[in-house]
Amino acid sequence: MSTLSRLIQIANDAAKVYEGRDRYIRAIKALKQIEKIYRSGSDDSSNEVYPPDQPSEQDDELSDSHRKVAEVIADVCKKNGGIWVKFAQYLSCRADLLPVEYIDVLQDLQYSGAPTGFTDVCERLDEYWGSGWEEGFSTFDLVPVATASIAQVYKATLKTGESVAVKILIPGIEETFEQDSLVFRSLSRLISPVIKEVDIVRITEHLIEMTLSELSFIKEMGNIKLFDTLPHSDFINIPKVMPAYCNEKILMVEWVDGELLTLKLQRADEAADNADILEKLVSSMLEQIFKFGIFHADPHPGNIIVSDGKLTILDFGLVGKLNQEQKNNFLSILITLVGNTNLQQLPALFEKAGFSGVEPEVYEKIADYIDTSDDAKDLDDKLNAIIHQLRKHRVFIPESFIALARVLIIISGVVKPYNLSMSAIMVKSMR
């Protein structure tokens, strides 16, 4: 690149940053707060490995700092909106990269999103479907039924009588992403020396790559079609895609009547019915992971519709894939964790599964924790404890295992209030 080209690039980047200056001023203020919090806390310089249920005094002080910092991050992301909320949502799902305090605080942003006016959305429809697109619909609701960080979903009815869900990328989100990605990279380099426990630069780069891939719905459309070809259990439904209406910025699928599992679980008077539904959800996820090797990687209740005892899975932006060897290796690890047996095999199992950089003493601590765990500790407790120790000691964890563990932790956390055991359902499904 010539000197002139570099100068032009710098000028363009500066202009993009200036356009989003209000968001970045908030971020800089938040950065100062974060530095102050960690500077005033204790330095977690100890190399001793503590069992998850026996924290040291230093760990308690660091835990308090983590929670305060997470609250600062959640606040600035919520105020900045868009990609910033996506950032917080991403962090809330990465127990392998961040302390549990971050996960607890940032999970509240999973359902955040302020709707964009339909006037702006209509311009996008005119752009991709052409003027007069309304003639193909008998109804098109102007108020979105769901709003996320980068997209909104509308209910409509085609002239042919089919009810559909239209997912539309929020107008202007691509430009905002370009602006914010520059700032994220700069902030991550500034924060990195302060938050030494976390590789914030790597996290930021992964977020940018992931978000960039989600700014096109072509991949998600392919994921839905792929899932629709799998031999799911009878109680699982995958919405049909309307490919003629789909493109990078618009995704249309059949509308499915029903109730979000999130809302259904809030009614205590339906506990028995909810327990049955959740057991079906767990069975389906285990089938996806260990039978198909293709699984929905974000199965929180907001992505599940319940209707007449069936579960319709939504939002296929994140899908995990395992080959046969990975399925076998990860299953062996999980069986060992669930059964609390043959714990001496854990080092060999982890090594075979692609983990690296683990000192023997770390495996010993993990094995001791599992061996002494009480009956109340389910699979999510064990996975969180293991990931905590591996992350703390900077062990390389295969991305495929991270995706798998995240799904199992999410599902286990959902079913636990209904006295359902992820481990028990897992054992039952393997018989």
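Lysine 264 counts as buried, at 6% relative accessibility. Here buried means under 20% relative accessible area, exposed means over 50%, and partly exposed lies in between (1.4 Å probe, protein chains only). The model is predicted: local features need pLDDT of at least 70, side-chain atom pairs count only at pLDDT 80 or more, and totals for chains, interfaces and linings use all residues. Residues are numbered from 1 along each chain as its sequence is written, and side-chain values use heavy atoms, with hydrogens and water left out.

Lysine 264 forms a salt bridge with aspartate 273, and the closest N and O atoms are 2.9 Å apart. A salt bridge is taken as a side-chain nitrogen of Lys or Arg within 4 Å of a carboxyl oxygen of Asp or Glu. Aspartate 273 is partly exposed, with a relative accessible area of 38%. The whole structure holds 14 salt bridges.

A further pair consists of glutamate 220 and lysine 167, whose side chains meet at 3.0 Å, N to O. Helices (H or I, at least four residues) and strands (E, at least two) are DSSP runs, numbered from the N terminus. Both partners are buried: glutamate 220 has a relative accessible area of 7%, and lysine 167 has 16%.

Lysine 240 and aspartate 228 also meet through their side chains in a salt bridge (3.0 Å, N to O). Lysine 240 lies in the loop between β5 (236-237) and β6 (250-254), and aspartate 228 in helix α9, so the pair ties together parts that are 12 residues apart in sequence. Lysine 240 is partly exposed, with a relative accessible area of 43%. Aspartate 228 is partly exposed too, at 34%.

Disulfides were assigned to pairs of cysteine sulfur atoms within 2.5 Å. The count is zero. Cysteine 77 is buried at 1% relative accessibility. Cysteine 122 is also buried, at 19%.

A cavity is a set of points, on a 1 Å grid over the protein atoms alone, where a 1.4 Å probe fits but cannot get out. Grid points are joined across faces, edges and corners, and a volume is the space filled by probe spheres set on the points. The search of the whole structure finds two cavities of 30 Å³ or more. The largest cavity has a volume of about 290 Å³. Its lining comprises 21 residues, where lining residues have an atom within 4 Å of a point. Ile34, Ile73, Phe87, Leu187 and Ile191 lie nearest the centre of this cavity. Two or more lining residues come from each of α2 (21-40), α3 (57-80), α4 (83-91), α7 (173-191) and α8 (200-214). The lining divides into 19 nonpolar residues, two polar and no charged. Ala, Val, Leu, Ile, Met, Phe, Trp, Tyr, Cys and Pro count as nonpolar, Asp, Glu, Lys and Arg as charged, and the others, Gly among them, as polar.

Helix α15 (residues 379-392) has 14 residues. From first C-alpha to last, α15 reaches 20 Å, close to the 20 Å expected at 1.5 Å a residue. The expected span is 1.5 Å times one less than the number of residues. The helix is mostly covered, with 11 of its 14 residues buried. Among them are Leu379, Leu383, Ile386, Ile387 and Leu390. The buried set also includes Asp380, Lys382, Arg391 and Lys392. Just after α15, arginine 394 takes a positive phi of about 55 degrees.

Positive phi values also occur at two aspartates. Aspartate 308, which is not a glycine, has a positive phi of about 55 degrees. This residue sits in the loop between β9 (304-307) and β10 (310-313). Aspartate 308 is exposed, at 80% relative accessibility. Aspartate 315 has a positive phi of about 60 degrees and is likewise not a glycine. Its place is in the loop between β10 and β11 (319-321). Aspartate 315 is partly exposed, with a relative accessible area of 32%.

Asparagine 329 is found in helix α12 (residues 324-339). At 8% relative accessibility, asparagine 329 is buried. The C-alpha atoms of asparagine 329 and alanine 353 are separated by 5.4 Å, with the two residues 24 apart along the chain.

Notes: 1 Å grid on protein atoms, 1.4 Å probe; cavity = no way out; pocket = protein on both sides within 12 Å on 5 of 7 lines; lining within 4 Å.
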